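Keep the sequence and the 3D view open as you read.

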Amino acid sequence: MGHENITEFILLGLFSDEKVKVACLVLFSLCYIAILSGNLLILLTIRGSRLSEQPMYFFLSYLSFVDVCFTSTVQKIISYNSCMAQMFFAHFFGATEIFILVAMAYDRYAAICRPLHYMVIMNSQVCDVLIVASALGAFIHSILQVLIVLGLPFCGPNQIDHYFCDVFPLLKLACADTSLWVIAIITTTGGLSILTFVALVISYVIILSTLRTRSSEGRRKALSTCGFHVTVVFLFFLPLIFTYVPRADSVGNDKIFALFYTVIAPMFNPLIYTLRNTDMQNAMRKVWCRDNLPKGKRSLWGVCPLPDLFCPQNH
């Protein structure tokens, strides 16, 4: 077993037509700028305000950090070792995002279903443990994916029909029978994705069912918050499930599905969590807008860099 005949891989990307590739390069460069700016805005806003003391926003700041890292792992021509590293980090940040979404669902459950015990259930130590556990679980998942590929021989060709190194496209290039590995990955990764998705949906159904006894104002705020989470869960998990279940021989479709959880979800997460979120909007005004700060204090910017939606006094 080894890769003596393969020293690098060529990622073919989404399309083969050169003109389409150029258009995609421009489009995805703009998407990357949007992902970077949007998620860093959320991260710095939460870290620069008192929102970081609230578990939901504590997890959201890490989700934004993971989204930036997750989207930053792609390149075209890549060495064998770099390909393994890219696959590790793509799976690591992707799995970390899954576990953080689970932690956020648990946080909403505690806040809505156990409000009197919320500060005890979701204290700072518990939040730290959940983040560390998310990273540890993601590390174990990712290293297993890499070990599977490291044990396979590669003797050519070296063109990966994808836009980043992933386990299924690499299995197709291996000079060995990988059918058992395909079944194992579908069973573990695919099965875990389905079970996690179902568990998240059930948890939100339970949460929403408890809102019937709440006041109209409390119900409206809880529905709004849970709506953000449910939207992100569906946007991330459904394409992920289609990628790993039920088969691994449709790499062309896998590339399209992968766009949702590597590009589209990270790009829309900042919008989903800020457009109708009063807490985030108020925090943005305090952190970024000079006109909303007490006299003698300055924001991180000399003037408000945000749209009038967030800084209405900046005219």
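A disulfide is a pair of cysteine sulfur atoms within 2.5 Å. By this rule the model has two disulfides. The model is predicted: local features need pLDDT of at least 70, side-chain atom pairs count only at pLDDT 80 or more, and totals for chains, interfaces and linings use all residues. Residues are numbered from 1 along each chain as its sequence is written, and side-chain values use heavy atoms, leaving out hydrogens and water.

**Cys83 and Cys165**
- Cys83 and Cys165 form a disulfide, with 2.0 Å from S to S.
- Cys83 lies in helix α3 and Cys165 in the loop between β3 (159–160) and α6 (167–173), so the link ties together parts 82 residues apart in sequence.
- Helices (H or I, at least four residues) and strands (E, at least two) are DSSP runs, numbered from the N terminus.
- The torsion about the S-S bond is about -120°, so this disulfide is left-handed.
- Both Cys83 and Cys165 are buried.
- Buried means under 20% relative accessible area, exposed over 50%, and partly exposed in between (1.4 Å probe, protein chains only).

**Cys155 and Cys175**
- The sulfur atoms of Cys155 and Cys175 are 1.9 Å apart, forming a disulfide.
- This link is left-handed too, with -125° about the S-S bond.
- Cys155 is partly exposed, at 43% relative accessible area.
- Cys175 is partly exposed, at 33%.

**Cys24**
- Cys24 is in no disulfide, and the nearest cysteine sulfur, that of Cys31, is 9.8 Å away.
- Cys24 counts as buried, at 14% relative accessibility.
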